[in-house]
Amino acid sequence: MLTAEQLMTDAGLRPTKARTAVLNTLLNSTTALSHTDILAALQGVEIDRVTVYRVLDWLLESSLIHKISSDDRAWKFQLNAPKRSYRSAEPGRTDHLGLLNNHGHAHLHCQQCGTVLCIHELAAHIPQSLFDTYRVSNIEISLKGLCLDCQKP
């Protein structure tokens, strides 16, 4: 498994102590985390809440993570899967490249505890004809229900 430093370096980005700490937190999590969750996980590390917001924005802009809207109106963040295009590649056409930054996979949202899991195996398969007539800026697929822990009596 790649480290936070390796992910940033491989992407041609400069790792800093704060960026590495936040990205390591997301790397080590099995679920999407809110800003508050990340701050709690970084307790004991010298990093303030504003720096965490700035690092999350930088990681989003750098396409290393994506954000997910949760039912409580708080953003949750998770590491991106390897980039892939969600429309067929056509020689000479680059108008779809903006979609590479969108994760385009499904999310499982637990309606009881708020846990959000990414399901990379369930990705959007969109017909080329849609992209010929409509400029897509975001792809979201959400499945809502109860996680295993919340199903227990």
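Me: Which residue stands opposite leucine 33 in β3?
Reply: Phenylalanine 77 in β3 stands opposite leucine 33. Do keep in mind that this is a predicted model, where local features need pLDDT of at least 70, side-chain atom pairs count only at pLDDT 80 or more, and totals for chains, interfaces and linings use all residues. Residues are numbered from 1 along each chain as its sequence is written, and side-chain values use heavy atoms, with hydrogens and water left out.

Me: What makes β1 and β3 a pair?
Reply: Two strands pair if DSSP finds at least two bridges between them. β1 and β3 (residues 75-79) have two bridges, in the antiparallel sense, so they qualify as a pair.

Me: And what makes β2 and β3 a pair?
Reply: Five antiparallel bridges join β2 and β3, and histidine 66 stands opposite glutamine 78 in β3. These two strands form a hairpin with five residues between them, and arginine 73 in that turn has a positive phi of about 65 degrees.

Me: Which strands are called edge strands?
Reply: The open sheet has the order β1-β3-β2 with antiparallel pairing. β1 (33-34) and β2 (65-69) each pair on one side only, which makes them the edge strands by the pairing rule. Helix α2 (residues 17-27) packs on this sheet and touches β1, β2 and β3, with its direction at about 85 degrees to that of β3. Helix α4 (residues 49-61) lies across β2 and β3 and runs at about 110 degrees to β2.

Me: How do you know how many helices and strands to count?
Reply: Helices are DSSP runs of H or I with at least four residues, strands are runs of E with at least two, and both are numbered from the N terminus. On that basis the chain has six helices and six strands, in the pattern α-α-β-α-α-β-β-β-β-α-β-α.

Me: Why is α2 called roughly perpendicular to α4?
Reply: The axes of α2 and α4 come within 10 Å and cross at roughly 75 degrees. That makes the two helices roughly perpendicular, because this term covers 65 to 115 degrees, whereas angles under 35 count as roughly parallel, over 145 as roughly antiparallel and the rest as oblique. The axes are lines fitted to C-alpha atoms, for helices over the stretch in contact, and the angles run from 0 to 180 degrees between N-to-C directions.

Me: Which residues make up the contact between α2 and α4?
Reply: Ala18, Arg19, Val22, Leu23 and Leu26 in α2 meet Thr51, Val52, Val55, Leu56, Trp58 and Leu59 in α4. They divide into nine nonpolar, one polar and one charged. Contact means heavy atoms within 4.5 Å.

Me: Why is tryptophan 58 called buried?
Reply: Buried means under 20% relative accessible area, exposed over 50% and partly exposed in between (1.4 Å probe, protein chains only). Tryptophan 58 has 18%, so it counts as buried. The C-alpha atoms of tryptophan 58 and arginine 19 are separated by 8.5 Å, though the two residues lie 39 apart along the chain.

Me: What makes histidine 35 buried?
Reply: Histidine 35 has a relative accessible area of 9%, so the label buried applies. This residue of helix α3 (residues 35-41) touches Arg49, Val52, Tyr53, Leu56, Trp75 and Phe77, not counting residues up to four places away in sequence. Across the chain, 38% of the 153 residues count as buried.

Key:
Ala, Val, Leu, Ile, Met, Phe, Trp, Tyr, Cys and Pro count as nonpolar, Asp, Glu, Lys and Arg as charged, and the others, Gly among them, as polar.
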